[in-house]
Amino acid sequence: MAHLAELDLGAKLGRAEYDRRLVAAQRRFLQLRLHLGGQLGAGELGPGLLIILEGRDAGGKGGALKRLVEPLDPRHYRVSSFAAPTHDEKRHHFLWRFYRELPGLGGMAVFDRSWYGRVLVERIEGYASQEQWSRAYGEIVNFERTLVLEGLILVKLWLHISDEEQLARFRSREADPLRRWKLTPDDWRNRRRNRDYDEATEDLFERTNHDLAPWDLVAAENKRFARVRVLETVISRIEEGMRRWGTPVPEPAELEKLGTAIES
């Protein structure tokens, strides 16, 4: 299992290579998504697909998500973003509000933040007691294993940037009236506790990385590199999940039959 300190934050992609790999990855992702949904191949539904995006504030989750769903028909996926639980949601087990958003067989969902808030912000800010967040690791792993064994491909991505890059992105947002809404007082407060979050993140990796849903860490200092890495990682995990489920994995050569659905 990789750790934050082992990430090569200097990894970059030039524009030409980025454009080439992005289009190739988007076409392959579209092909796989259509097979999972029964629109290609034998017409049978494959496993559901859930992609979890976690990472530091301003880590590039939104940009990666945009490139991920760009080739898809809007009817073929759902994006769910999770903030602080509501009063009613707090009356239930912490996993309850996420369960309602899970995709069924052949479906796809992307979670912008997830149940991992229990062992990150809720742990650090004291919204959950130590007893609650300590037992959450096991609850999460058991929950995820049950989902995968029932027919879900679960992809867990952590996008990471340095303190310096985070500060630069914060200041860029602050100076742009069209993006200023993305920067909140909570972001600045969380930044002051980056070391606490790093510690909690390492615990998260150690205690929730398992064979049916491992963590994939993405160096996101360079946005082009991160966006392509996210797509290529998702593709690899889908292919792996299809084999586990017993669903035939389409050959990339079959992409020619899709015509020009995606253009650079």
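Modeller: Helix axes are lines fitted to C-alpha atoms over the stretch in contact, and angles run from 0 to 180 degrees between N-to-C directions. Helices (H or I, at least four residues) and strands (E, at least two) are DSSP runs, numbered from the N terminus. This is a predicted model, in which local features need pLDDT of at least 70, side-chain atom pairs count only at pLDDT 80 or more, and totals for chains, interfaces and linings use all residues. Residues are numbered from 1 along each chain as its sequence is written, and side-chain values use heavy atoms, with hydrogens and water left out.

Colleague: At what angle do helix 2 and helix 9 pack?

Modeller: Their axes are 9 Å apart and the angle is about 50 degrees. Angles under 35 degrees count as roughly parallel, over 145 as roughly antiparallel, 65 to 115 as roughly perpendicular and the rest as oblique. Helix 2 is therefore oblique to helix 9. Contact means heavy atoms within 4.5 Å; here Gly63, Ala64, Arg67 and Leu68 of helix 2 meet Arg227, Val230, Leu231 and Val234 of helix 9.

Colleague: Which residues of helix 2 are buried?

Modeller: Buried means under 20% relative accessible area, exposed over 50%, and partly exposed in between, with a 1.4 Å probe and protein chains only. Helix 2 spans residues 61–69, and seven of its nine residues are buried: Lys61, Gly63, Ala64, Leu65, Arg67, Leu68 and Val69. Their cover includes helix 1 (15–36), strand 1 (48–55), strand 3 (108–112) and helix 9.

Colleague: How do helix 1 and helix 9 lie, parallel or oblique?

Modeller: The axes of helix 1 and helix 9 come within 9 Å and cross at roughly 30 degrees, so the two helices are roughly parallel to each other. On the helix 1 side the contact includes Leu22, Phe29 and Leu32, and on the helix 9 side Leu231, Ile235 and Met242 are among the residues met.

Colleague: Which residues touch the most other members of the largest nonpolar core?

Modeller: In soluble globular proteins, nonpolar side chains tend to be buried together. A nonpolar core is a set of buried Ala, Val, Leu, Ile, Met, Phe, Trp, Tyr and Cys residues joined through side-chain atoms within 4.5 Å. The largest one has 72 residues, and Phe29, Ile51 and Trp115 touch the most other members. Helix 9 (residues 223–245) gives the most to this core, with nine residues. Not counting residues up to four places away in sequence, Trp115 touches Leu50, Phe94, Phe98 and Ile140, among others.

Colleague: Where does Glu251 lie?

Modeller: Glu251 is in the segment after helix 9. Glu251 touches Arg28 and Gln31, not counting residues up to four places away in sequence.
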